[in-house]
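The sequence and structure are shown first.

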Amino acid sequence: RSSDLQLERNIEALQAGQQAAQNSYKPTLVYQVDAGYQGKDYNTGPKTGFAQASVVLNWTLVDGGIRSNAVRQARAEKESAESKRMELIRQLHLARSQARQNLEVSIQTLDARMAQKDAAEESLRISTHLHNRRRGPHG
């Protein structure tokens with residue numbers, strides 16, 4: 001159970017990585033505003049402060065296939081983890097089925113042994129009865 005949970009979390013993390021790789025195709029917009037005072041004595045007043053604002057748009061149009069390779073790799077890693085999870089589930093189902101079959105065979109074997117025991121006891125009873133009849137009542 002814990003390995004299945006760990007595998008499930010790993011798949012979720014890989015899926016997030018794939019989403020991040022896919023999001024790298026989207027442009028980013030960063031803005032920044034700075035304000036403060038400048039000068040040696042940090043005076044306040046109409047001409048001592050400053051303010052600066054900037055906006056940066058980053059949109060990579062050509063990257064030589066780096067992002068598409070990252071997306072493919074992230075997808076392949078996620079699919080590999082999902083395949084491992086499915087294989088684990090198949091193995092668990094197979095183990096459960098084999099355990100059920102082993103139990104059924106064990107019960108059938110036990111029933112057969114009990115029937116053999118009953119048959120042996122009946123055979124002993126009949127043999128004893130026949131032996132006693134041959135010896136006669138005074139033995």
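**Burial, contacts and surface**

Reader: Which residues does isoleucine 11 contact, leaving aside its neighbours within four places in sequence?
Author: The model is predicted, so local features need pLDDT of at least 70 and side-chain atom pairs pLDDT 80 or more, while totals for chains, interfaces and linings use all residues. Numbering runs from 1 along each chain as its sequence is written, and side-chain values use heavy atoms, without hydrogens and water. Contact means heavy atoms within 4.5 Å. On that criterion, and with neighbours within four places set aside, the partners of isoleucine 11 are Lys78, Ala81, Glu82 and Arg85.

Reader: Is isoleucine 11 buried or exposed?
Author: Isoleucine 11 belongs to helix α1 (residues 2-23), helices being DSSP runs of H or I with at least four residues, and strands runs of E with at least two, numbered from the N terminus. Buried means under 20% relative accessible area, exposed over 50%, and partly exposed in between (1.4 Å probe, protein chains only). Because its relative accessibility is 5%, isoleucine 11 is buried.

Reader: How far apart in space are isoleucine 11 and arginine 85, C-alpha to C-alpha?
Author: In sequence, isoleucine 11 and arginine 85 are separated by 74 residues. In space, their C-alpha to C-alpha distance is 8.8 Å.

Reader: Why does tryptophan 59 count as exposed?
Author: Tryptophan 59 sits in the loop between β2 and α2. It counts as exposed because its relative accessibility is 51%.

Reader: What is the relative accessible area of arginine 67?
Author: Arginine 67 is part of helix α2 (residues 66-135). The residue is buried, with a relative accessible area of 12%.
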